[in-house]
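Subject: Structure handover

Hello,

Here is the structure I promised to pass on. Please open it first, then read the notes below.

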Amino acid sequence: MKLSIPTVLAALLLTACSQSATDISAKEPDAGASCSLDGMVLKDFPGSKAQVRYADGKTDYYCDVMELFGTVFAPEQKRVVGALYVQDMGKANWDQPAGNWIDARKAVYVIGSKKHGSMGPTIVPFANANEAQAFAAKEGGSVLNFSDVKPDMVKMGGGAAHDSGMGGGH
C-alpha cells in the first residue's frame, strides 16, 4: 500500500500535536504540597482541596475551595486556565481528603454549612447532587451549581486557621 505525501504529512502532524499536547488532568499533590495563595501545607487541613491546571501545564493548589473561587473571580487572573478541579466530598475523607478529583465546573456545591475547612467556613463540592442535598440537610447550607456561585458568596477573611496570633496559620 502506497501512502501519498499529504497522508504521511497529516499523520506526522497528528503525531506531533498529540505528543506536544499538554496534560491538564487532575494531579494528586505530594505530601509537602502547599497552597499557592498562602503557603499552607495542604495535608494539614480538613475539607476539600482544589487545583487550577493552566494551559501551560502548571498547577496551582489551594487548601480550601473558597480560595479557588476567590482566584476564579479575581480580576487580575490573566493566565489561561486549562481545567479546575475539586475533591468530591461525597467520596473523600473530610479530615484527610485524597484523590477523588472532579471537574469543578460540573460539581455541585454546598455553601453556608457548619463544616469548616482551612479558611473557616468553606464551600463543599460534590459530584452527585443527591449527596450534596443530604450533606446540606445534615450540616446546613444551600446547594448551588458552579455558575450560581457569585463573588459576594466567597468570604476570604479566614477563620481560626488563619488567626495571626500565637500558633496561628499566618
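First, a term: two strands pair if DSSP finds at least two bridges between them. Strands (E, at least two residues) and helices (H or I, at least four) are DSSP runs, numbered from the N terminus.

Some ground rules. This is a predicted model, in which local features need pLDDT of at least 70, side-chain atom pairs count only at pLDDT 80 or more, and totals for chains, interfaces and linings use all residues. Residues are numbered from 1 along each chain as its sequence is written, and side-chain values use heavy atoms, with hydrogens and water left out.

The four-stranded sheet

Four strands make an open, antiparallel sheet, ordered β2-β1-β3-β4. β2 (59-62) and β4 (101-103) are its edge strands, each pairing on one side only. From one strand to the next, the twist averages 25°. Angles here run from 0 to 180 degrees between N-to-C directions, and axes are lines fitted to C-alpha atoms, for helices over the stretch in contact.

Strand β3 (residues 81-87) pairs with β4 over three bridges, in the antiparallel sense. Look at Q87: its bridge partner in β4 is W101.

Helix α2 (residues 65-73) lies across β1 (50-54), β2 and β3. α2 runs at about 160° to β3. Contact means heavy atoms within 4.5 Å.

The three-stranded sheet

Three strands form another open sheet, in the order β6-β5-β7, again with antiparallel pairing. Its edge strands are β6 (120-126) and β7 (142-145), and each pairs on one side only. The twist averages 40° from one strand to the next. α2 packs on this sheet too, touching β5 and β6, and its direction makes about 85° with that of β6.

β5 (residues 108-117) and β6 run antiparallel and are joined by six bridges. The two form a hairpin with two residues between them.

Helix α3 (residues 129-139) lies across β5, β6 and β7. α3 runs at about 35° to β5.

S147

S147 sits in the segment after β7. Is S147 buried or exposed? S147 counts as exposed because its relative accessibility is 53%. The cut-offs are under 20% relative accessible area for buried, over 50% for exposed, and partly exposed in between (1.4 Å probe, protein chains only). S147 and V108 are 39 residues apart along the chain, with 9.6 Å between their C-alpha atoms.

The largest pocket

The largest pocket has a volume of about 170 Å³. A pocket is an open set of points on a 1 Å grid over the protein atoms alone, with protein on both sides within 12 Å along at least five of seven lines; lining residues have an atom within 4 Å of a point. Its lining has 13 residues, and E28, P29, L42, K43 and P97 lie nearest the centre.

Regards

Note on methods. On a 1 Å grid over the protein atoms alone, a cavity is a set of points where a 1.4 Å probe fits but cannot get out, and a pocket is an open set with protein on both sides within 12 Å along at least five of seven lines; lining residues have an atom within 4 Å of a point. Grid points are joined across faces, edges and corners, and a volume is the space filled by probe spheres set on the points.
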